[in-house]
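Dear colleague,

Here is the structure for your files. My notes on it follow below.

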Amino acid sequence: MDPPDATLFPEEEKTVARAVDKRRQEFTTARWCARQAMARLGRPPMPVLPGPRGEPQWPDGLVGSITNCAGYRGAVLAKADVVTTVGIDAEPNEALPDGLLPAVSAEQGLILTAIAVVAPVPAAATPGSLTA
C-alpha cells in the first residue's frame with residue numbers, strides 16, 4: 001500500500017505533472033522510500049530527479065536504485081565512499097517464459113532468484129527485520 005503521507009518536492013512534482021495517477025503514485029512512493037533510506041543514512045530528505053535516461057540522480061555522496069512493480073515500490077541507497085554502486089529490481093512473482101532468465105541474468109543473479117523463490121520475504125517484513 002502506498003503511504004498516504006508521501007509527498008514530492010516541487011522539482012519532482014514538475015517531473016510527473018502530466019502523468020496519470022498510477023504513475024504519479026509509483027513515482028511518489030518510490031521517492032518516499034528513497035527518503036526513508038536517506039534518513040537511515042543520516043541524510044536529510046532531498047529531491048531525487050530523473051537524469052537524461054530516466055535514472056535517479058542521487059544527492060552527492062550517495063549511490064542508489066529505485067524499483068517499482070505491481071504492489072511493490074522500493075529504494076536502496078548507500079554511501080558512495082563505501083560502495084561504488086548498488087541496484088534493486090522487483091517484478092511480480094510469476095513464471096518467466098522459457099529461456100528468459102538465463103538470457104537476462106548473471107550466475108549471481110540466478111543464485112539470488114533461487115533464494116527468493118525458496119524463501120520469499122513476508123509481506124510484513126521491514127528492512128530492519130531481515131537477516132541473512
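Helices here are DSSP runs of H or I with at least four residues, numbered from the N terminus. By that convention, Cys 33 sits in helix α2. Please keep in mind that this is a predicted model.

Cys 33 has a relative accessibility of 15%, so the residue counts as buried; the cut-off for buried is under 20%.

The largest nonpolar core is made up of 9 residues: Ala 30, Ala 34, Ala 37, Met 38, Val 48, Trp 58, Leu 62, Ile 66 and Leu 77. In soluble globular proteins, nonpolar side chains tend to be buried together.

Trp 58 belongs to this core. Beyond its neighbours within four places in sequence, Trp 58 is in contact with Ala 34, Val 48, Val 63, Gly 64, Ser 65, Ile 66 and Leu 77.

Finally, the surface. A nonpolar patch there consists of Leu 96, Leu 100 and Val 104, which together have about 270 Å² of accessible area. Leu 96 is found in the loop between β4 (72-79) and α3 (100-104). Its relative accessibility is 48%, so Leu 96 counts as partly exposed.

Regards

Terms used
Residues numbered from 1 in each chain as written. Predicted model: local features only at pLDDT ≥ 70, side-chain atom pairs only at ≥ 80, totals over all residues. Heavy atoms only, no water. Patch = residues over 30% accessible without salt bridge, like charges linked within 9 Å, V, L, I, M, F, W, Y side chains within 5 Å. Areas by Shrake-Rupley, 256 points an atom, 1.4 Å probe, with all protein chains shown as cover. Salt bridge = Lys/Arg side-chain N within 4 Å of Asp/Glu carboxyl O. Helix = DSSP H or I, 4+ residues; strand = E, 2+ residues; numbered from the N terminus. Buried < 20%, exposed > 50% of the residue type's maximum accessible area, 1.4 Å probe, protein only. Core = buried A, V, L, I, M, F, W, Y, C linked by side-chain atoms within 4.5 Å. Contact = heavy atoms within 4.5 Å.
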